[in-house]
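Me: I have a new structure open and would like to learn how to read it. Could we go through it one feature at a time?

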Amino acid sequence: MSRYLFDNADAQSPGRFSALETCYDPVSRRELELTGLAPGWRCLEVGGGGGSLGDWLGERVGPDGEVTITDIDPRWARQGPQRPPHVRLLRHDIVADPLPTAHYDLIHARLVLLHLPERLPVLDRLVTALRPGGSLLLEEFDCGWTPVLAATTEAAALFERVVTALHTQLEKAGADPLWGRRVLGAMARAGLTDLTATTHAESWPGGSPGIDLHRVNIEQTADRLRADGIADPELTAFRALLQDPAFVVNSYPLISARGRRPGTDPESAR
């Protein structure tokens, strides 16, 4: 059974991946470029979801590089044209399955460790898998800051009540909704250097691709929310609210934290 509240086996998963890719892929690509990403690099994309960023990394590192896209359930990764030989898709549990040691020039994970009760041991494993001088980019939400920007008092109260209940479910599943604000400090304690972080947030009006993330999350967890006291009329009103262009909420802030494993790798000049 999946450890995740948002089980990838659920039919809502493609909608979640689509919303995330539309809103956050441009941010992630920009942050990945800032690592110095270059042809010939060996890259690991953890929790690759729909595969969009892993495929993009494959284009950037070229045939002399290597990209491994992993997911605990990779069924939703784009099939499309066949991936080139230097890009592979792998079913892999980042908590339990092995990783090579001192192998990767770049490791990226977006919205993965937030969901893992074992996030700190996993962070240590990712650091060990980096070559000396290699870069780790972790991108995580801070779910504690999603202010309603335009709405009636009643609509704002409804949104906050339902989303707070969702965050409670995340915590029950072992996730840390505030992990985004803790990740840079955790990376420092894991021994990384040259640490920096940026935060991306934007407004999401009703009916926009971003706000659809709230819809798929609520639909996937509706039974749990009902069990915790969110009534069906509230869920119906919440879904309607997300389609109202007069309703505007701040996006989940995405904190992109970068760091390097200390040392130099004799192969770095390859």
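Me: Let me begin with two residues: are Tyr24 and Trp204 buried or exposed?

Reply: Happy to start there. Keep in mind that this is a predicted model. In it, Tyr24 and Trp204 are both buried.

Me: How do I describe the way two such rings sit together?

Reply: The general idea is that you give two values for a pair of aromatic rings, the distance of the centres and the angle of the planes. The structure holds five aromatic pairs. In one of them, Tyr24 and Trp204 are edge-to-face, at 6.4 Å centre to centre with 65 degrees between the planes. Tyr24 belongs to helix α1 (residues 13-33) and Trp204 to strand β8 (residues 203-205), so this pair ties together parts 180 residues apart in sequence.

Me: Which arrangement do the rings of Phe159 and Phe238 have?

Reply: Their centres are 5.8 Å apart and their planes stand at 15 degrees, so that pair is stacked. Phe159 comes from helix α4 (residues 153-172) and Phe238 from helix α8 (residues 232-241), so parts 79 residues apart in sequence are tied together here. Phe159 and Phe238 are both buried.

Me: Which residues do ring pairs link into a cluster?

Reply: The cluster consists of Tyr24, Phe141, Trp204 and Tyr252. A ring can also have a charge over it: the charged end of Arg119 sits over the ring of Trp179, 5.7 Å from its centre.

Me: Now the sheets, please. What should I look for?

Reply: Strands of a sheet pair through backbone hydrogen bonds, in either a parallel or an antiparallel way.

Me: Where can I see both senses of pairing?

Reply: For the parallel sense, go to β1 and strand β2 (residues 66-71), which pair over four bridges. There, Cys43 has Val67 in β2 as its bridge partner. Ser135 has Arg260 as its bridge partner in β10, while Thr199 has Ile255.

Me: Why is β10 described as largely enclosed?

Reply: Six of the seven residues of β10 (residues 254-260) are buried, so the rest of the structure largely encloses this strand.

Me: Which strands make up the antiparallel sheet of three?

Reply: That open sheet has the order β6-β9-β8. Its edge strands, β6 (148-150) and β8, each pair on one side only. The twist averages 30 degrees from one strand to the next. β8 and strand β9 (residues 248-250) run antiparallel and are joined by three bridges; Pro205 stands opposite Val248 in β9.

Me: Last one: which residues of helix α3 are buried?

Reply: In α3 (residues 119-129), the buried residues are Arg119, Val122, Leu123, Leu126, Val127 and Ala129. Looking down the axis of α3, you find them within an arc of 160 degrees, so they line one face of the helix. Their cover includes β1 (42-46), β4 (104-110), β5 and α5 (183-189).

Methods:
Residues are numbered from 1 along each chain as its sequence is written. This is a predicted model: local features need pLDDT of at least 70, side-chain atom pairs count only at pLDDT 80 or more; totals for chains, interfaces and linings use all residues. Side-chain values use heavy atoms; hydrogens and water are left out. Buried means under 20% relative accessible area, exposed over 50%, partly exposed in between (1.4 Å probe, protein chains only). Helices (H or I, at least four residues) and strands (E, at least two) are DSSP runs, numbered from the N terminus. Two strands pair if DSSP finds at least two bridges between them. Rings of Phe, Tyr and Trp (its six-membered ring) pair if their centres lie within 6.5 Å; planes under 30 degrees apart count as stacked, over 60 as edge-to-face and the rest as tilted. A charge sits over a ring if NZ of Lys or CZ of Arg is within 6 Å of the ring centre and within 35 degrees of the ring normal. The arc is that of the directions from the helix axis to the C-beta atoms. Contact means heavy atoms within 4.5 Å. Axes are lines fitted to C-alpha atoms, for helices over the stretch in contact, and angles run from 0 to 180 degrees between N-to-C directions.
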